[in-house]
Amino acid sequence: MTSVRNNLMPPGLVSNLEQVLLNKKKKSKDNDDDGDDGTSKQSNEEANESTEPSTSDSTENVDSSKPVVLVTNGDGIESPGLVYLVEALVREGLYNVHVCAPQSDKSVSGHSVTLRETIAVSSAEINGATAYEVSGTPVDCVSLALSGALFSWSKPLLVISGINRGSSCGHHMFYSGVVAGAREALICGVPSLSISLNWKKDESQESDFKDAVSVCLPLINAATRDIGKGIFPRSCLLNVEIPTSPLTNKGFKFTKQSMWRSTPNWQAVSANRYPAGHFMSNQQSLGLQLAQLGRDASAAGAARRLTTQKKSMVEIESVGAAGKSDTGRVKKYFRLEFLDKEQEDTDEDLDFRALENGFVSITPLPLHSHTESETLAAASEWISAALLGDTESSTQS
């Protein structure tokens, strides 16, 4: 797997600092040559102007002959699902691949955004792609990427969110950060896919993500092809669920969102077991990292805190208790876990049931309920035509 290396200084700022050094060098040379005070003053002015932060990625090289595909996720930029997907898209050679993904795990963040707080954006390295990691949520990542403030473009051809570790069927779509990233793209008018792998703790392994990529690539290529033709459904996102053993799947199946959900289970945690100042995993204390970032007044401060705390760890204390005396106050600790439960619904066209039966589930998720019937019909027609076309092409070849 390609490693992702942090660079806490945005490329635009690095470029500006390099220009400052060049200007200083030029100033020194000019002073040695003629001692012209006017030249020295002009050089200083240029240096001062060059330190202004850039608002877009001026260093990115975009081949205009290839469409831009934006990739995000909920598991974090270092997750194998995202890295394997990006590497595969780059190898295809059909797209300009850009990445804007959370710096750490935000897989159950829902459609949350960061307001009135500063988020840190750092360049990252994934071979062949222009990549940034963001200290916010998947929705922050997509919103920022499409705003024009980070990249020189504002509308990619397609947004792909995934590949997520764990299914997002049924009511989990409302909790899911990976689905929210795709939904935000749809809200902004950009076609999108969210992709998840039905990961099982004692059965799955990292190589399954590579297999999942090979399964979903034909669907991605069909989507980009038909978006250009204007025949891809634009009133919904497509949520793709890949079974636990991707390569032994029984094929793609058009499905409906089910009512399936895990049971939330809150457990009281002993204060002695987790004393104040203790750190627990990010997945066990959802949402607290953004509260911690609220204590910092700048992107630099946020970046320092993230570096100090490590990406996978956040403080157990909530920001609401910060700076207040604990005298006379009662403080309790709780931890949320989701427990799977048996589902009685036997409808084979439901997402979770199709996934359990070994199919790749494709569920259209419209934004508006009043257009649901038309949306589902259009999505069903496209999925059938796209997958049939791919099957015929592979047979002929």
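Tutor: A crossing of two helices is called right-handed if the near helix is turned clockwise from the far one by less than a right angle, and left-handed if anticlockwise. Keep that in mind as we look at this structure, which is a predicted model.

Student: Switching to helix 3 and helix 7, at what angle do they cross?

Tutor: Helix 3 (residues 80-92) and helix 7 (residues 207-229) cross at roughly 50°, and their axes come within 9 Å. That angle makes helix 3 oblique to helix 7, and the crossing of helix 3 and helix 7 is right-handed.

Student: Which residues of helix 3 and helix 7 meet?

Tutor: In helix 3 the residues are P80, G81, Y84, L85, A88, L89 and E92, and in helix 7 they are F209, K210, V213, L217, I220 and N221. By class, the contact of helix 3 with helix 7 holds nine nonpolar, two polar and two charged residues.

Student: New topic: how many strands form the sheet, and in what order?

Tutor: The sheet is open and has nine strands, which lie in the order 3-4-2-1-5-6-7-13-8 with mixed pairing. Its edge strands, each pairing on one side only, are strand 3 (121-126) and strand 8 (252-254). On average, and with direction ignored, neighbouring strands of this sheet are turned by 25° against each other.

Student: In what sense do strand 5 and strand 6 pair?

Tutor: Strand 5 (residues 158-165) pairs with strand 6 (residues 192-197) in the parallel sense, over five bridges, and S161 has S194 in strand 6 as its bridge partner. Helix 6 packs on the sheet, where it touches strand 5, strand 6, strand 7 (236-242) and strand 13 (360-366), and its direction makes about 175° with that of strand 6. Helix 7 packs on the sheet as well, touching strand 1 (68-72), strand 5, strand 6, strand 7, strand 8 and strand 13, and its direction makes about 165° with that of strand 5.

Student: How many residues of strand 5 are buried?

Tutor: Strand 5 is mostly covered, with seven of its eight residues buried. Strand 1 and strand 5 run parallel and are joined by four bridges, and T72 stands opposite S161 of strand 5.

Student: Where is the cis peptide bond?

Tutor: The cis bond joins G162 and I163, with omega about 5°, and I163 is found in strand 5. For comparison, most peptide bonds are trans, and most residues other than glycine have a negative phi.

Student: Does R116 count as buried or exposed?

Tutor: Exposed means over 50% relative accessible area, so R116, at 81% relative accessibility, counts as exposed.

Definitions and conventions:
Residues numbered from 1 in each chain as written. Predicted model: local features only at pLDDT ≥ 70, side-chain atom pairs only at ≥ 80, totals over all residues. Heavy atoms only, no water. Axes fitted to C-alpha atoms, helices over the stretch in contact; angles between N-to-C directions. Helix = DSSP H or I, 4+ residues; strand = E, 2+ residues; numbered from the N terminus. Parallel < 35°, antiparallel > 145°, perpendicular 65-115°, else oblique. Contact = heavy atoms within 4.5 Å. Nonpolar A, V, L, I, M, F, W, Y, C, P; charged D, E, K, R; others polar. Pairing = 2+ DSSP bridges. Buried < 20%, exposed > 50% of the residue type's maximum accessible area, 1.4 Å probe, protein only.
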